[in-house]
Amino acid sequence: MAVLDLPIRIAVVLAVLTVSLPLVGSALEHNEEMTAAAALEEQIGRITNAAAVVYFSGNGSCRTVDLDIPAGCTVSAGGSGGEAYSVRGAVGDKTVCTGYMDRPSVGFSAKTVLSGKCTVTVRCSPGGDGYPVIDVIL
């Protein structure tokens, strides 16, 4: 009797594994993305905080920021349109977090894409339309 139950038990175990492995894989992938997003949020905060400090310090002021962006991730500061007021973190091609320059409402002069360990200079400079802008320089 026990010999006949063994194949049934093996079949049940294989069925459970077949159903659960994709769920475990998906959970692990989601966990990696969330961990990268948390690290990116920290790096974005470092840039936006430095940008606020140099803005309030006035034209010509600058601050150096050391960043450690996780592998496979990028941080983009500035851009065109509304993106000029944001810093975005991406895992691969997917944007996972965004920080906005709303207090103060100041834009970045150009789009800068950062990755890996890097040191950037955040500088306040006069903009072309009379308003200051923030430069992020590698």
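Two residues are said to be in contact here when they have heavy atoms within 4.5 Å. The structure is a predicted model, in which local features need pLDDT of at least 70 and side-chain atom pairs count only at pLDDT 80 or more, while totals for chains, interfaces and linings use all residues. Residues are numbered from 1 along each chain as its sequence is written, and side-chain values use heavy atoms, with hydrogens and water left out.

The C-alpha trace spans about 90 × 25 × 20 Å along its principal axes.

Of the 138 residues, 33% count as buried, where buried means under 20% relative accessible area, exposed over 50%, and partly exposed in between (1.4 Å probe, protein chains only). Among contacts with a separation of 6 or more, 60% come from residues 24 or more positions apart.

The interior can be followed through its nonpolar core, a set of buried Ala, Val, Leu, Ile, Met, Phe, Trp, Tyr and Cys residues joined through side-chain atoms within 4.5 Å. The largest such core has 25 residues, and L67, F108, L114, V120, V122 and I134 have the most contacts inside it. Two or more residues come from each of α1 (2-57), β1 (62-68), β2 (73-77), β6 (117-126) and β7, with α1 giving the most, namely seven residues. Leaving aside neighbours within four places in sequence, V122 is in contact with A50, A51, V54, S61, C62, R63, V65, I134 and D135.

Towards the end of the chain, I137 lies in strand β7, which covers residues 132-137. I137 counts as partly exposed because its relative accessibility is 31%. Apart from its neighbours within four places in sequence, I137 is in contact with T119, V120, T121 and R123. By contrast, the C-alpha atoms of I137 and H30, which are 107 residues apart along the chain, are separated by 32 Å.

Notes
Helices (H or I, at least four residues) and strands (E, at least two) are DSSP runs, numbered from the N terminus.
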